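The sequence and structure come first.

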Amino acid sequence: MSRACAAADRGPGRRRDGAAPVVALVGAPNVGKSTLFNALTGARGRVGNWPGTTVHVARGTWRPDCGAEIELLDLPGTRSLVPRSPDEALTRSLLLGPGGTDRPDLVVVTADAANLAGSLCLIAEVLGTGVPCAVALTMTDVAGARGTEIDAGALAALLGVPVVPVLPRRRRGLAELGEAVGRALADGGARPPQDRTPEGDDDGEAGIARAEARYAWAHRVLAQVRTQKDAFRPTLSDRADRVLTSGRFGGPLFLAVMWLVFTATTTVAKPLQDGLAALFDGPVTGASSAVLDAVHAPAWLSGLVVDGLIAGVGQLLSFVPLMVVMFVLMAVLEDSGYMARAAFVVDRLMRCLGLPGRAFLPVIVGFGCNVPALSAVRVLADRRQRMLVGMIIPYVSCSARLTVYVLLASMFFGSAAGTVVFAMYVLSVLLVIGVGMLLRRTLFRELRGEALVLELPPYRLPAVRVVGAQTWQRLVAFLRTAGGVVVAAVTAVWLCAAVPLGAAPGTGFGAAPVEHSVLGAASRAAAPVFAPAGFGDWHAAAALGTGFVAKEAVVSTLAQTYGADDAGRRRELSAELHATFDRASGGHPLPAVLAFLVFVLAYTPCMTTIAAQWQEIGRRMTLLATGLQLAVAWLLAVAVFRIGSLWW
């Protein structure tokens, strides 16, 4: 065992209460900090609110080769300890606040070897806090490709802290980083740098002078540790960026990439979806019915299991292949470095329309789920900017709505299903921009646009391990969230469908037809509201009602309301939906389906999103935003149906 490992095991680095030492990762966005966190924790980190705040911090357990357990924190990305957002304020408070259980025992600053000057300024600020520190030097391969070499030993001597080159994607340097952290924890501190920078906040003229001195110090250090072998030559990544981020070609290429993603998703996943749907409709349903009959289960229990849980949850689970394909393709785009370029392309458009540049970051998160996207509005410095973006996030089409798009698009539009799904996402972006402009010119007139500062990572060949880990994490998160919501929604819908209303035929509990139940009556009462949009049918109204709780429930509710006919035979969902939309639309089913999809896109995503909005932008603005979403959804749906029925 090495000396560092032995020291760590003896416990000098452990806290007085015997708890594992806390190490925090600090660094600017896109320098490999979160990739390093996933590599050190085995991608088993958990994300939650920091106690006493609404800021999300990833936590995980790091077990270096020496076996000494460390609690690892992945703090929000920041370029400076001068906070411009609540996320950055948390990092500052942890490092500058009084000692205690919240303050980390050691900070590992992730520094970009290819852009070391910027990272050195942050390192200088962290060193000034007095917290023991180590440096993880990332992107050394990118620097090498540009003919740049960083002398880690010389840098460590100048800084007075350990400096370890790491390539977390290839798992290189992780053991060395573990030993360096173990030694630093055992020593309980580090000697100050030989060439110290002025300390203090960057406020006023004195602060500006300190910031300028810090930049000068960073360049002095850089001159001593960097060797430039060759004159800078544009790399293949640089040449590609001239096209992919250009004003002329960037936008069309981004749309083409997204179209390919959605077309490939629907094409590849459809056979697997059909297979899973057939499995649940056939063997699973048949076996469950046989078991329930064998144990003489009451009719209501058989109805709940077969027509409720199996029909609803089974329909949702049939979309697992779709989600896997989508998550894999998105992970490939992210790991290759393309999504950062997409951020610049779309950001240019948003700033031209007056929206804050950094607002694109939560918008990107929103395509996965609107709830964490609302938390991500904290990257914006101004409170009114956060309120504006918080009101438009629900128009970003989340992955839960994707299941509804694919179900109806594949049933009604065949080979063009991918194009229809792609059109929903394009409309989502247009809604974000359009509603944002409306709000800017009414409630938020005094806001000014803000440029997006984002370092472009190099293009890389996506790593199978990284793509697989990201896909698995997102799929588990989707199923964990959707599973509980859908089971609860399915049970509630079945109970409402089982309770007869009035003198319904078969008045026993669970024996009346769904249309004569409490669910049917409530849905029939709401259906006329949607008649101008071409889907004024109680089945559609019931699905939209449960979709207000969670969009995943739209699919399960449609499956339940067509659960069985009067003779108890399973209905064919596709045929029933065709008949319903044809009847409700007066012979124009395709524009009615498009209007339904548009309504699903534009109206309130889910109750969890409302709760997140309430927390981020307040009660009054949340109620206003919800009313606006319902109005926009209804008006757009009516317009789509009325215009579409002129051609179809």
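## Contacts around Val-600

Two residues are in contact when heavy atoms of theirs lie within 4.5 Å. The model is a predicted one. Leaving aside neighbours within four places in sequence, Val-600 is in contact with Arg-401, Val-404, Tyr-405, Leu-544 and Lys-551. Val-600 is found in helix α24. Its relative accessibility is 0%, so Val-600 counts as buried.

## Overall make-up

The protein chain has 26 helices and 9 strands. Of its 648 residues, 51% are buried. The accessible surface of the chain comes to about 27,600 Å², and carbon and sulfur atoms hold 61% of that area.

Among contacts in the chain with a separation of 6 or more, 73% are between residues 24 or more positions apart.

## Nonpolar cores

The largest nonpolar core has 81 residues, and the members that touch the most others in it are Tyr-405, Phe-535 and Phe-596. Helix α24 gives the most to this core, with 11 residues. A second, separate core has 41 residues, including Val-22, Leu-127, Leu-158 and Val-161.

Which residues does Tyr-405 touch, not counting those up to four places away in sequence? They are Ser-397, Val-421, Met-424, Tyr-425, Leu-597, Val-600 and Leu-601.

## Helix α21

Helix α21 is largely enclosed by the rest of the structure, because 9 of its 10 residues are buried. The buried residues of α21 are Trp-538, His-539, Ala-540, Ala-541, Ala-542, Ala-543, Leu-544, Thr-546 and Gly-547.

## Aromatic pairs

A search of the whole structure finds 8 aromatic pairs. In one of them, Phe-530 and Phe-535 are stacked, with 5.4 Å centre to centre and 25° between the planes. Phe-530 and Phe-535 are both buried. Phe-530 also pairs with Phe-599: the ring centres are 5.4 Å apart and the planes are at 85°, so this pair is edge-to-face. The pair links distant parts of the chain, with Phe-530 in the loop between α20 (518-526) and α21 (538-547) and Phe-599 in helix α24 (residues 589-602), 69 residues apart. Phe-530 has a relative accessible area of 10%, and Phe-599 counts as buried at 5% relative accessibility.

Ring pairs link Phe-412, Phe-530, Phe-535, Phe-581, Phe-596, Phe-599 and Tyr-603 into a cluster. Two of these residues, Phe-535 and Phe-596, are also named among the members of the largest nonpolar core that touch the most others. At Tyr-603, the charged end of Lys-551 sits over the ring, 3.8 Å from its centre.

## Salt bridges

Side chains of opposite charge can pair when their charged atoms come close. A search of the whole structure finds 6 salt bridges. One of them joins the side chains of Asp-74 and Lys-33, at 2.6 Å from N to O. This pair links distant parts of the chain: Asp-74 is in strand β4 (residues 70-74) and Lys-33 in helix α2 (residues 33-41), 41 residues apart. Asp-74 and Lys-33 are both buried.

Strand β4 also holds Glu-71. Glu-71 forms a salt bridge with Arg-59, and the closest N and O atoms of the two are 2.7 Å apart. Arg-59 lies in strand β3 (residues 56-62), so the pair ties together parts that are 12 residues apart in sequence. Is Glu-71 buried or partly exposed? Glu-71 is partly exposed, with a relative accessible area of 23%. Another salt bridge is formed by the side chains of Asp-141 and Arg-170, at 4.0 Å from N to O. Asp-141 is in helix α5 (residues 140-145) and Arg-170 in the loop between β8 (163-165) and α7 (174-187), so placed 29 residues apart in distant parts of the chain. At 22% relative accessibility, Asp-141 counts as partly exposed.

Conventions: Residues numbered from 1 in each chain as written. Predicted model: local features only at pLDDT ≥ 70, side-chain atom pairs only at ≥ 80, totals over all residues. Heavy atoms only, no water. Phe/Tyr/Trp six-rings, centres within 6.5 Å; stacked < 30°, edge-to-face > 60°. Buried < 20%, exposed > 50% of the residue type's maximum accessible area, 1.4 Å probe, protein only. Helix = DSSP H or I, 4+ residues; strand = E, 2+ residues; numbered from the N terminus. Lys NZ or Arg CZ within 6 Å of the ring centre and 35° of its normal. Areas by Shrake-Rupley, 256 points an atom, 1.4 Å probe, with all protein chains shown as cover. Core = buried A, V, L, I, M, F, W, Y, C linked by side-chain atoms within 4.5 Å.
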